[in-house]
Amino acid sequence: MNFDVVIIGGGLAGLTCGIALQEQGKRCVIINNGQAALDFASGSMDLLGRLPDGSAVSSLRPAFESLRRQAPQHPYSVLGIEAVESKATQFENILHQLNLELAGSARENHKRVTAIGGLRPAWLSPNTVPTVTNHQNFIHQRIAVLGIEGYHDFQPQLLIDNLQLNPQFAHCQFSSGFLNIPELDQLRRDAREFRSVNIAQLLEHKLSFDELAAEIKQAAGDAEAVFLPACFGLDDQSLFNGLKQATGLALYELPTLPPSLLGIRQHKQLSYRFEKLGGMMLNGDRALRAEFEGDKVACVYTRLHQEEPIAAENFVLAAGGFFSNGLSAEFERIREPVFDADIIETEQFRAQDRFSWTHKRFSSPQPYQAAGVIINAHCQVQKSGRFLPNLYAAGSVIGGYNAIELGCGAGVAVVTALIAAERIGGM
Ligand SMILES: Cc1cc2nc3c(=O)[nH]c(=O)nc-3n(C[C@H](O)[C@H](O)[C@H](O)COP(=O)(O)OP(=O)(O)OC[C@H]3O[C@@H](n4cnc5c(N)ncnc54)[C@H](O)[C@@H]3O)c2cc1C
C-alpha cells in the first residue's frame, strides 16, 4: 500500500491533520487502534488556561512571553506565537465546515460550567454548554437543573451548591428536579448500563420526542433556562436543538462522567469529514514498527499488515500519550513504541530515571505527564539526536508540557497537526 501521507492515530490531532492534508489534495491513510481522548473529553477545547506558576490565563498572546520563559520546551514555545495563533484561527475556520457548533475565539478564553458546578477556562465550547466571560453575569436568572431518575453521573443539587458560589451566577435562582423517562426503564435494571451513551442510543430514534419535550417543560416549572446532562443526541446536536425548539426553553447540556457525548460527537464529525474528503481509515489496526532508509521513514507495518508494508512520502505520529498507548512506560524507561523516537527530558523529568517520573504529592502536577517526543518548529521528530525529514508529530505524543496542569490539550493537538500538514503540503 502506498500513500502520500500515513498518519498514526485517529484522535483530534490525527484527524485534524488528515482533514487539512486531504483538503490540499494529499492521499492520506489514518491507522487507528481504538478510542481517543476525545471520546472521554468535556467537548470544550482548551488553548491555554494556566501558566506553570499557577497564574490564570485569559488570553494567549499577553501570556505567551511568560509561558516561553517558564516552559521553554512547551510546544507553543518551540513553535512561536505567530504560528500558534494562526493555526488556532485556521482550526476555527475548519470547524465551520463541520457539523459542530462550537463557540469561542483564540483571542480570549471563556469559562464553561462543569458537571459539578465549577467554572473552567476554555477556548471553544459547544454552543449548547453554559458559558460566561470573566466580567459577565450568566444571561439567565431562573435556572432549573434537571437530572434523570436513576442516573447517578449527574447530581443537580451538587451542581447548584457549587455554581451559586461563583459571582457570575450569584443573581440566579435555582431549582432542581429529575426527569422521568419510561423508555429508560430497561437500562435501570443494570446500573453499569445506565450511562450517557446508552441513554442517547435509546432516545436517538425520537420515538417519544413529544413526551420527552413535555416532561422537560413540566419539570422546568417557571425556569427560563434548563441545565441537563449531555445525554441527548449521539451523532450531532440536532436532537438537542429540536428539544430546544419544542420546549421553547433555553436548554443547556453539561458533560457527564466519561464516555462523553459532547466529545464523541466531535470525534464522529471529524472522522466523517476526513472520509468525505477521500481519506482512508484503517480502524482497529495498530502500527507496530517502522523501516528506515537513511534518515527517512520508508514504511510502517501494522498488526493486520505484518508482511505488507504501508509506504508513504511522509508520516505523522499522532498516537497520543500514555492514555492511548502512544507512549509506553517500561520498568526502566519511557519509550515511543513505533519509531523509537527520542523522549524529551525536562528539569523535573528524565525518561530513564523512574524516580523522577512522579511527585510525592498525589495532587501535584506529575512530571511524567511532560513525557513525549521532541519536535522542532516544523513539528519534525527527533530520533538518535537528529530531526527526521519526513516524520512529524502532532498532539499529546509530543513532550515538554502537561496538558492537565496548563489546560492546553486540544490547542497543542490542532496547532501541531496543522503545522505538520502545512509543512508536508508545501514540500
Ligand atoms: C481522559 C482525557 C480527557 C481530556 N479532556 C480534554 C478536554 O476536555 N479538553 C481539552 O482541551 N483536552 C482534553 N484532554 C487532552 C487531550 O489529550 C487532547 O485534547 C487531545 O484530544 C489529544 O488528541 P491526540 O489526537 O493527540 O491523542 P488521542 O486522542 O489520545 O488519540 C490518539 C489515537 O491514536 C491511537 N493509537 C495509539 N497508538 C497507535 C498505534 N500504534 N497505531 C494506531 N493507532 C494508535 C489511539 O488508539 C488513539 O485513538 C483530555 C485528555 C484525556 C486523556
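**Close-up views of a predicted model**

S384 is exposed, its relative accessible area being 62% (buried is under 20%, exposed over 50%, partly exposed in between, with a 1.4 Å probe and protein chains only). This is a predicted model, so local features need pLDDT of at least 70 and side-chain atom pairs count only at pLDDT 80 or more, while totals for chains, interfaces and linings use all residues. Residues are numbered from 1 along each chain as its sequence is written, and side-chain values use heavy atoms, with hydrogens and water left out.

View 1. S384 sits in the loop between β18 and β19 (386-393); helices (H or I, at least four residues) and strands (E, at least two) are DSSP runs, numbered from the N terminus. Look for D340 in the loop between β17 (334-335) and β18 (380-383), where D340 is partly exposed at 35% relative accessible area.

**View 2. I8 in strand β1 (residues 2-8).** I8 counts as buried because its relative accessibility is 5%. Leaving out residues up to four places away in sequence, I8 touches I31, A287, V300, V316, L317, A318, A319, V338 and F339 (contact means heavy atoms within 4.5 Å). One of these, V316, is 308 residues from I8 in sequence, yet the two C-alpha atoms are 6.2 Å apart.

**View 3. Helix α8 (residues 209-220) crossing helix α9 (residues 238-247).** The two axes come within 9 Å and cross at roughly 60 degrees; axes are lines fitted to C-alpha atoms, for helices over the stretch in contact, and angles run from 0 to 180 degrees between N-to-C directions. That makes α8 and α9 oblique to each other (under 35 degrees is roughly parallel, over 145 roughly antiparallel, 65 to 115 roughly perpendicular, the rest oblique). On the α8 side, the contact uses F209, L212, A213, I216 and K217, and on the α9 side L239, G242, L243, A246 and T247.

**View 4. The hairpin of β4 and β5.** Strand β4 (residues 110-113) runs antiparallel to strand β5 (residues 119-122), joined by 4 bridges (strands pair if DSSP finds at least two bridges between them). V113 has L119 of β5 as its bridge partner. There are 5 residues between the strands, and G117 in the turn has a positive phi of about 85 degrees.

**View 5. A cis peptide bond at P258 to P259.** Omega here is near -5 degrees. P259 lies in the loop between β11 (250-254) and α10 (261-276).
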